[in-house]
Amino acid sequence: MSIAKKTDWKTLDMPKKTASFSLDISLTESEFSMLKRGHIPCEMEDKWFEYFENNILHIHRSWTGICIYMVQFSEDGRVEKVVVNRDKEQYKETNIERDKAQVMMRINNLCGRSGNAELMLKYIKSGQ
């Protein structure tokens, strides 16, 4: 499996208008290693491009290249901070709880963790 790099996809930088939040999550060494590989979309239905650089997981929408999240990790695999796009022209979401659920689902996918069904329910309920 190849490791995703920024140059593998069309990407836009995070805009100046952002918000940030924290997540109480730490990864095992094995999970952190898997996360660092990132993700390159293989088909149109695949909505995310993710790459890891300088202890930051960059999460972009695959169709537009817009950066939605930047997840800052410590050297030992703990999430230190998440920066989220708040440019209304690029990303309409304003609910931090939905953003937290989305980031957790992205991390789970990259690490091979389960639990996304529960997170999706949380994501849906927090939007109502």
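Close-up 1. Phe73 is buried, with a relative accessible area of 1%. Buried means under 20% relative accessible area, exposed over 50% and partly exposed in between, for a 1.4 Å probe and protein chains only. This is a predicted model, in which local features need pLDDT of at least 70 and side-chain atom pairs count only at pLDDT 80 or more, while totals for chains, interfaces and linings use all residues. Residues are numbered from 1 along each chain as its sequence is written, and side-chain values use heavy atoms, with hydrogens and water left out.

The structure holds seven aromatic pairs. Phe32 and Phe73 form a tilted one, at 5.4 Å centre to centre with 40 degrees between the planes. Rings of Phe, Tyr and Trp (its six-membered ring) pair if their centres lie within 6.5 Å; planes under 30 degrees apart count as stacked, over 60 as edge-to-face and the rest as tilted. Phe32 sits in helix α1 and Phe73 in strand β4, 41 residues apart. Helices (H or I, at least four residues) and strands (E, at least two) are DSSP runs, numbered from the N terminus. Both Phe32 and Phe73 are buried. The rings of Phe52 and Phe73 also form a tilted pair, with centres 6.1 Å apart and planes at 55 degrees. Phe52 belongs to strand β2 and Phe73 to strand β4, so this pair ties together parts that are 21 residues apart in sequence. Phe52 counts as buried, at 15% relative accessibility.

**Close-up 2. The five-stranded sheet.** The sheet is open, and its strand order is β1-β5-β4-β3-β2 with antiparallel pairing. Two strands pair if DSSP finds at least two bridges between them. β1 (18-21) and β2 (48-53) are the edge strands, each pairing on one side only. On average, neighbouring strands are turned by 20 degrees against each other, direction ignored. Axes are lines fitted to C-alpha atoms, for helices over the stretch in contact, and angles run from 0 to 180 degrees between N-to-C directions.

**Close-up 3. Strand β3 and its two hairpins.** β3 (residues 56-61) is joined to β2 by six bridges, and the two run antiparallel. Phe49 stands opposite His60 in β3. The β2 and β3 hairpin has two residues between its strands, and Asn54 in the turn has a positive phi of about 55 degrees. Five bridges join β3 to β4, again antiparallel. Here Ile56 stands opposite Gln72 in β4. The hairpin of β3 and β4 has five residues between the strands, and Gly65 takes a positive phi near 80 degrees. β3 is mostly covered, with five of its six residues buried.

Close-up 4. Helix α2 (residues 96-111) lies across β1, β2, β3, β4 (67-73) and β5 (79-85), and runs at about 70 degrees to β4. The largest nonpolar core has 26 residues; Leu35, Leu57, Tyr69, Val71, Phe73 and Ile107 have the most contacts inside it. A nonpolar core is a set of buried Ala, Val, Leu, Ile, Met, Phe, Trp, Tyr and Cys residues joined through side-chain atoms within 4.5 Å. Two or more core residues come from each of α1 (29-35), β2, β3, β4, β5 and α2. α2 gives the most, with six residues. Beyond four places in sequence, the residues that Tyr69 touches include Met14, Trp48, Leu57, Val82, Tyr91, Asp99 and Val103. Contact means heavy atoms within 4.5 Å.

**Close-up 5. Leu23 in its loop.** Leu23 lies in the loop between β1 and α1. Leu23 is buried, with a relative accessible area of 11%. Its C-alpha atom is separated by 6.3 Å from that of Val79, 56 residues apart along the chain. Leaving out residues up to four places away in sequence, Leu23 touches Val79, Val82, Lys100, Val103 and Met104.

Close-up 6. Arg106 is placed in helix α2. Arg106 counts as buried, at 8% relative accessibility. Apart from neighbours within four places in sequence, Arg106 is in contact with Trp48, Glu50 and Ile59. Arg61 lies over the face of Trp48, at 4.4 Å from the ring centre. A charge sits over a ring if NZ of Lys or CZ of Arg is within 6 Å of the ring centre and within 35 degrees of the ring normal.

**Close-up 7. An aromatic cluster.** Trp9, Phe49 and Tyr51 are linked into a cluster by ring pairs.
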